[in-house]
Protein chains: 2
Amino acid sequence: MSKQIYDRVALIGLGLIASSMFWAIKRAGLVGEVTGYARSSETRDTARRIGLCDRVCDSAAEAAEGSDLVVLCVPVGAMESVMKEIAPVLKPGATISDVGSVKRHVIETVQPHIPEGVHFVPAHPLAGTEHSGPEAGFAELYDNRWCLLVPVENSDPKAVAALRGLWEGMGANVEEMEADHHDLVLAVTSHAPHLIAYTMVGVADDLRRVTDSEVIKYSAAGFRDFTRIAASDPTMWRDVFLTNKDATLEILGRFTEELFALQRAIRTGDGDHLFDYFTHTRAIRRGIIEAGQDTDAPNFGRERAKP
Amino acid sequence: MSKQIYDRVALIGLGLIASSMFWAIKRAGLVGEVTGYARSSETRDTARRIGLCDRVCDSAAEAAEGSDLVVLCVPVGAMESVMKEIAPVLKPGATISDVGSVKRHVIETVQPHIPEGVHFVPAHPLAGTEHSGPEAGFAELYDNRWCLLVPVENSDPKAVAALRGLWEGMGANVEEMEADHHDLVLAVTSHAPHLIAYTMVGVADDLRRVTDSEVIKYSAAGFRDFTRIAASDPTMWRDVFLTNKDATLEILGRFTEELFALQRAIRTGDGDHLFDYFTHTRAIRRGIIEAGQDTDAPNFGRERAKP
C-alpha cells in the first residue's frame, strides 16, 4: 500500500493509452480504484469482459465523481465537451490531466471549464503502437518511455508531483515542458513524420504500375516502417493535425522547401549538392550515437526483414 | 566441395556489400578463391589486415583476371570506368555482375564494354545497413533478404542460374525482374523514402529553436528511424539519385502533390479529408498484414525506445 498515490482515478476514454495506463497502474499497485468510461457501449462491454477498470461506468460524470485524478484519454477534439460534462461533479482538490498529443489547444479549450479548487496538469506520454482500442493496451507500454508534463500557470506543485509519481510508477521517465515548445518539438519529431509517412503510403497505393505486393515485398529498408506508422488511429491523428496546425504547417513548409532543393539538385545533376547534404545528415546521426541516444548496431531495417 | 559454384570470384570494391558477400561466401563454401580490389590503398590495407578476401590485389584487372565471376561492388557512377579497365583481361565464359541499386543506368553504361563471350547478369541485393566500408560487413546480411536478378537480352540461362545459386547460397531469396520495372519499384520502396528521410533530418537540424538533443530524446516514434536511414553512404546515394533520376523525380512529384493536398486540408480545417485519407492508409497496412508480409505485433517504435 505504500506505493498507492491516489485513492481513485477515472480514465475517460478506453483506447490504447487508457487501457495501457490501467494495466500499468495495476502492475504497480498505484491506485485504490480505477473507474472508466467510454462513449461507445460496445467499448464499455469489451472493457467489462476483459476486466479493464475496476468499475466501468455508463457516463463520464459517474466515472469522474469522487475521483482524485481524472485523465482525459479521448481524442483532443473531444476533450472540451467531456470536461464540460464532468466539471459539476468534480471533487474539490481533484486533479484533471490528459494524454493529448498537442498541449496548447488542450489548455485553451479545457482550462476555462476547470472549476475553482480543481487542479489542471496536462500531460503527454510519448508512447503508442499502431493499434487502438480497449484490447490494444498492455502494462509495459510506458516502460522507459517519456511522459511530458505541461503544467499551466499556477499549477499546484503537489498535484504536479503526484501525477509525476503516477507516471514514474507506470514505468515512464518524466520531464516538464512549456506548452508551445512541446507542440513545436512534437511537430518535428512526430507530427510531420507521421503526415509524411501517411503521404508516402498513399502515393505507393496510387501507383498502379507497381503492385501492392511488390511494394511490400521489397520494402525492408524504409517503406515498411512508413506503412506501420500510417496505420495509427485516424481520429486521433486528424485531431492532432487540426489542433497543432501552425507548428505542423511550419515544419511541413520547411520540409517541402528542402525537398524541392534536393529535387532540383537531382534534376540538374548537381552531385556535389547531394553529396554535401547527405554527408551533413550523416554527421547528425553520428552526433546522436556519440550523445548516447542510440546505438550504432547495424540493425537498420533488419528486425522486420523476414520475407 | 559439392556446394562450390565458382572456382574464382572477384569483388571489385570492398565496402559493406562486398565484405558481407565475402563472409557469406566463406560461411557456405561457395567459391574456391575470392579475390578483391579497392581503389583506396587504405581500404586494401584494412582488407588484408582483417582477412577480407583470399587475395587482395593492387588493380581491378589483376583481381578480375582468370575469375569466373566478377562482381562490381562500386558506386553506380564508377562502374563504367571499372568495366573498361577489366574488359581486356576477362576470361572467356566469365560472368560480370554488379550490386547497384539502379539497373537501367548500369546496363546502359556497362553492357557496351562487355567483351564477346563474356556474360552479363546485373543484380541488386536489397540489403544494407547505415554503416559502410570494409569492416562493416557480416555473413548474415543477406539471410532472408531479397536479391533481384535483372538479366539482359540474351543473358545466358546457365550464367543466370549459377549467379542465382551463389545468392541463394549466401542466404538470399532470389527473383528476376525487368530493369525499368526494378528502377520504379525501388524508387517507391527505397529511393524516395531515403530522400524524404534525408530531408526531414536536414529540417530538424535547421530548427534552432528545437535543440538537437530534444529532437532525438523525444523521437522514439518515427524521427529516430529517419536519422538512421539518413546516415547511409553519401556517395552511393548521390549516384542512386543521379542515375535513377526519372523514376525518383516522378515519385517525389506525386509525393509533394499528395502532401500539398493534406497540408491544404490541415490549413482549411478539413477534418473529413484527413480522416478519410488516414482510414485508407490504415486499410493498406491491414492488407499487408493479411497478406502475411508483416506481423501485427505491437512493436511500433519500441525496439529502440530505451532513452
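This is a predicted model: local features need pLDDT of at least 70, side-chain atom pairs count only at pLDDT 80 or more; totals for chains, interfaces and linings use all residues.
Q: Does Asp68(B) count as buried or exposed?
A: Residues are numbered from 1 along each chain as its sequence is written, and chains are lettered from A and ligands numbered from 1 in the order in which they are written. Buried means under 20% relative accessible area, exposed over 50%, and partly exposed in between (1.4 Å probe, protein chains only). At 16% relative accessibility, Asp68(B) therefore counts as buried.

Q: Which side chain is joined to that of Asp68(B) by a polar contact of 2.7 Å?
A: Asp68(B) sits in the loop between α3 (60-64) and β4 (69-72) of chain B; helices (H or I, at least four residues) and strands (E, at least two) are DSSP runs, numbered from the N terminus. Leaving aside neighbours within four places in sequence, its contacts (heavy atoms within 4.5 Å) include Tyr6(B), Arg8(B) and Thr95(B). A polar contact is a pair of N or O atoms within 3.5 Å; within protein, one must be able to donate a hydrogen and the other to accept it, and residues adjacent in sequence count only if both atoms are side-chain atoms. At 2.7 Å, the side chain in polar contact with that of Asp68(B) belongs to Lys91(B).

Q: How many salt bridges are there between chain B and chain A?
A: A salt bridge is a side-chain nitrogen of Lys or Arg within 4 Å of a carboxyl oxygen of Asp or Glu. Over all chains, the structure holds 32 of them. Between chain B and chain A, the count is zero.

Q: How many residue pairs are in polar contact across the interface of chain B and chain A?
A: The contact takes 113 residues from chain A and 113 residues from chain B. About 10800 Å² is buried between the two chains, 66% of it on carbon and sulfur atoms; buried area is the accessible area (1.4 Å probe) that two parts lose on being put together, summed over both. With both residues at pLDDT 80 or more, the number of pairs in polar contact across the interface is four.

Q: Which element gives the most to the side of chain B that touches chain A?
A: Elements giving two or more residues to this side include β8 (146-149), α7 (179-206) and α11 (245-268) of chain B. With 20 residues, the element that gives the most is α7(B).

Q: How many residues of the side of chain B that touches chain A are nonpolar?
A: Ala, Val, Leu, Ile, Met, Phe, Trp, Tyr, Cys and Pro count as nonpolar, Asp, Glu, Lys and Arg as charged, and the others, Gly among them, as polar. By this division the side has 29 charged and 30 polar residues, and its nonpolar residues number 54.

Q: Which residue of chain B is in contact with Thr248(A)?
A: Thr248(A) belongs to helix α11 (residues 245-268) of chain A and is buried, with a relative accessible area of 0%. Leaving aside neighbours within four places in sequence, its contacts in chain A are Ala187(A), His191(A) and Phe241(A), and its contact in chain B is Ile266(B).

Q: How far does α11(B) reach from its first C-alpha to its last?
A: The expected span of a helix is 1.5 Å times one less than its number of residues. α11(B) has 24 residues, and Gly269(B), with a positive phi near 70°, follows this helix. Close to the 34 Å expected, α11(B) reaches 34 Å.

Q: How many residues apart in sequence are the parts that Arg49(A) and Glu135(A) tie together?
A: The closest N and O atoms of the salt bridge between Arg49(A) and Glu135(A) are 3.5 Å apart. Arg49(A) lies in helix α2 (residues 41-50) of chain A and Glu135(A) in the loop between β7 (123-125) and β8 of chain A, so the separation in sequence of the parts tied together is 86 residues.

Q: Which residue forms a salt bridge with Asp54(B)?
A: Asp54(B) counts as partly exposed at 39% relative accessibility. With the closest N and O atoms 2.9 Å apart, its salt bridge partner is Lys26(B).

Q: What is the phi of Asn154(A)?
A: Most residues other than glycine have a negative phi. Asn154(A) is in the loop between β8 (146-149) and α6 (157-169) of chain A, and counts as exposed at 75% relative accessibility. Although Asn154(A) is not a glycine, its phi is positive, about 70°.

Technical notes. Side-chain values use heavy atoms; hydrogens and water are left out.
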